[in-house]
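The sequence and structure come first, and the notes follow.

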Amino acid sequence: MNLVLIKPDALQRGIAGLLIHEYESRYRIADLALRWPDRAILEAHYMEHAGKVFYHYLILSMRDRHLMAMKVVQLSHSPPIREFTLGLREKYGADREGPRNLLHCSDSKEAAIRESKLWFL
């Protein structure tokens, strides 16, 4: 299981359904939730980035905006979820205003468990 977040920029661009379809065509979505995160949840989620140059922007860009959280299950015939997510970032991440980071994917099983506890109560 992995946690994937469809970030606010994807919802604003109207491509959340397209991204969900991309995952559904290769994996099983075990859970899906629409969330409105506050600063505390985002700071807990991105705690490993605290103090980095982009951290403040990251929190501000996602705070008080809708996002979608998904628990995605790896299937035997599917590519690794993180690798697939990075490919989707590249495929859909650019628009007229420049590159966007539309998706988050946990980078380990431990991170997926910790992060899922934040997004799924």
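**Ala16 and the overall picture**

Leaving out residues up to four places away in sequence, Ala16 touches Ile6, Ala10, Leu11 and Met68, where contact means heavy atoms within 4.5 Å. This is a predicted model, in which local features need pLDDT of at least 70 and side-chain atom pairs count only at pLDDT 80 or more, while totals for chains, interfaces and linings use all residues. Residues are numbered from 1 along each chain as its sequence is written, and side-chain values use heavy atoms, with hydrogens and water left out.

**Fold and dimensions**

- The protein has six helices and six strands; helices (H or I, at least four residues) and strands (E, at least two) are DSSP runs, numbered from the N terminus.
- Read from the N terminus, the order of elements is β-α-α-β-α-α-β-α-β-β-β-α.
- The radius of gyration of the protein is 14 Å, which agrees with the value near 14 Å for a compact globule with 121 residues. This radius is taken over C-alpha atoms, and the globule rule is 2.2 Å times the number of residues to the power 0.38.
- The C-alpha trace spans about 40 × 35 × 25 Å along its principal axes.
- Among contacts in the protein with a separation of 6 or more, 80% are between residues 24 or more positions apart.

**Surface and charge**

- Of the 121 residues, 43% count as buried. Buried means under 20% relative accessible area, exposed means over 50%, and partly exposed is in between (1.4 Å probe, protein chains only).
- The protein exposes about 6900 Å², and carbon and sulfur atoms supply 56% of that area. Accessible areas come from the Shrake-Rupley method with a 1.4 Å probe; for residues, only the protein chains shown count as cover.
- There are 18 positive and 15 negative charges, and their mean positions are 1 Å apart. Lys and Arg count as positive and Asp and Glu as negative, with His and the chain ends not counted; each charge is placed at NZ of Lys, CZ of Arg, CG of Asp or CD of Glu.

**Helix H2 (residues 16-24)**

- Ala16, Leu19, Ile20, Glu22 and Tyr23 are the buried residues of H2.
- Those buried residues fall within an arc of 155° seen down the axis of H2, so they line one face of the helix. The arc is that of the directions from the helix axis to the C-beta atoms.
- Cover for the buried residues of H2 includes S1, H1, strand S2 (28-35), S3, H5 and strand S6 (103-105).
- Ala16 lies in H2 and is buried, with a relative accessible area of 11%.
- Ala16 and Trp119 are 103 residues apart along the chain, and their C-alpha atoms are separated by 17 Å.

- In H4, Tyr55, Leu58, Ile59, Ser61 and Met62 are buried.
- These residues cover an arc of only 165° around the axis, which puts them on the same side of H4.
- Strand S1 (2-6), helix H1 (8-13), helix H3 (39-45) and strand S3 (67-73) are among the elements that cover the buried residues of H4.
- Asp64 lies in the loop between H4 and S3 and counts as partly exposed at 37% relative accessibility.
- The phi of Asp64 is near 55°, a positive value in a residue other than glycine.

- Val73 is found in S3 and is buried, with a relative accessible area of 18%.
- Leaving aside neighbours within four places in sequence, Val73 is in contact with Met1, Tyr27, Arg28, Ala30 and Ile81.
- Val73 and Tyr23 are 50 residues apart in sequence and 9.7 Å apart in space, C-alpha to C-alpha.
- Ser78 sits in the loop between S3 and helix H5 (81-92) and counts as buried at 10% relative accessibility.
- Not counting residues up to four places away in sequence, Ser78 touches Arg26 and Tyr27.

- Leu121 lies in the segment after helix H6 (109-119) and counts as exposed, at 94% relative accessibility.
- Leu121 and His104 are 17 residues apart along the chain, with their C-alpha atoms separated by 19 Å.
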